[in-house]
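Thank you all for coming.

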Amino acid sequence: MHGAWADGSSWDKVAAKLQHDGYRVVTPPNLLSGVANDAASLRAYLDTITGPVVLVGHSYGGMVITNAALGDKQVKALVYVDAYIPDQHDTVYSLTSAVPGSVFAAEASTVFDQVAIPGGDPHYPNLYVKPSVFGKAFADKSIPAKDVAVLAARQRPLAYSALVEEAGPPAWRTIPSWSVIGKQDAVIPAAQQIAMSKRAKAHTVEINAPHLSMVTDAGAVTNQIEAAAKATN
């Protein structure tokens, strides 16, 4: 499950490696409409799959998988990649600002361009990351500037409500978890990722990577996903 302002292509490198190793991989779209609705959409997708599932989420996708997997006996492991690992009542905003260091722990108007949702509440628009902020948030020098510009240009909007909607009971209380922490992450500071991982009792690996670690270090991310698959048979 990809994160905000992205699509399934963010998993291309990891998906190719997993497929090479014999795993079936699907990267369904994240609606980016709000935690409960996005989780319900993912749960409906999971209901079409037979067999054991390792459910992986990047960034905001962590909020989604934590809610979608609750009570789903097919989901054997959760893997969080530079991701939010919420407890009940947590929000993206509360977790983002829990420790200093996030580019997004700022007044929304300074980091997001806002676009009204037709027929929607004007106080809850769609959000796009400002081009001047996008690179600082998601990438480092390991991703060429021209590639970052393309990612910024094709970003999908996140509904403002997704930032403030509370998470439900977390699936990680009953499903074993793994995490990959990018130590150079400017969206979810590494210290916050470590705290959330400890709370979820996740098997954790820290790597020198920005927020898009599945792009810059697909091998390490793949290894952690496969470790979860093997540990849960």
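Let me begin with Lys130, which at 22% relative accessibility counts as partly exposed, a label that covers everything between buried, under 20% relative accessible area, and exposed, over 50%, as judged with a 1.4 Å probe on protein chains only. Before I go further, please keep in mind that this is a predicted model, in which local features need pLDDT of at least 70 and side-chain atom pairs count only at pLDDT 80 or more, while totals for chains, interfaces and linings use all residues. Residues are numbered from 1 along each chain as its sequence is written, and side-chain values use heavy atoms, with hydrogens and water left out.

Which residue does Lys130 meet in a salt bridge? The partner is Asp113, at 2.8 Å from N to O, where a salt bridge means a side-chain nitrogen of Lys or Arg within 4 Å of a carboxyl oxygen of Asp or Glu. Lys130 sits in the loop between strand E4 (126–129) and helix H6 (131–138), whereas Asp113 belongs to strand E3 (residues 112–115), so the pair ties together parts that are 17 residues apart in sequence. Those element names come from DSSP runs, numbered from the N terminus, with helices (H or I) of at least four residues and strands (E) of at least two. Asp113 is also partly exposed, with a relative accessible area of 31%.

In total the structure holds six salt bridges, and another of them joins Asp72 to Arg43, with the closest N and O atoms 3.6 Å apart. Because Asp72 lies in the loop between helix H3 (60–68) and strand E2 (75–81), and Arg43 in helix H2 (residues 35–46), this pair ties together parts that are 29 residues apart in sequence. Asp72 counts as buried, at 8% relative accessibility, while Arg43, at 25%, counts as partly exposed.

A further salt bridge brings together the side chains of Lys146 and Asp147, at 3.4 Å from N to O; here Lys146 is exposed, with a relative accessible area of 60%, and Asp147 is partly exposed at 32%. Salt bridges that share partners also join Arg43, Asp47 and Asp72 into one network.

Let us turn to the rings. How many aromatic pairs does a search of the whole structure find? It finds eight, counting rings of Phe, Tyr and Trp (its six-membered ring) whose centres lie within 6.5 Å, with planes under 30 degrees apart called stacked, over 60 edge-to-face, and the rest tilted. One of them is the edge-to-face pair of Tyr93 and Tyr160, at 6.2 Å centre to centre and 70° between the planes. Tyr93 is in helix H4 (residues 92–96) and Tyr160 in the loop between strand E5 (158–159) and helix H8 (161–164), so that the pair links parts of the chain 67 residues apart. Tyr160 also forms an edge-to-face pair with Tyr124, at 5.6 Å and 65°. Elsewhere, ring pairs link Trp5, Phe104, Phe112, Phe134 and Phe138 into a cluster.

Finally, we come to helix H11 (residues 218–231), whose 14 residues reach 20 Å from first C-alpha to last, close to the 20 Å expected at 1.5 Å a residue, the expected span being 1.5 Å times one less than the number of residues. Its buried residues include Ala218, Val221, Ile225 and Ala229. After H11 comes Asn233, whose phi is positive, near 55°.
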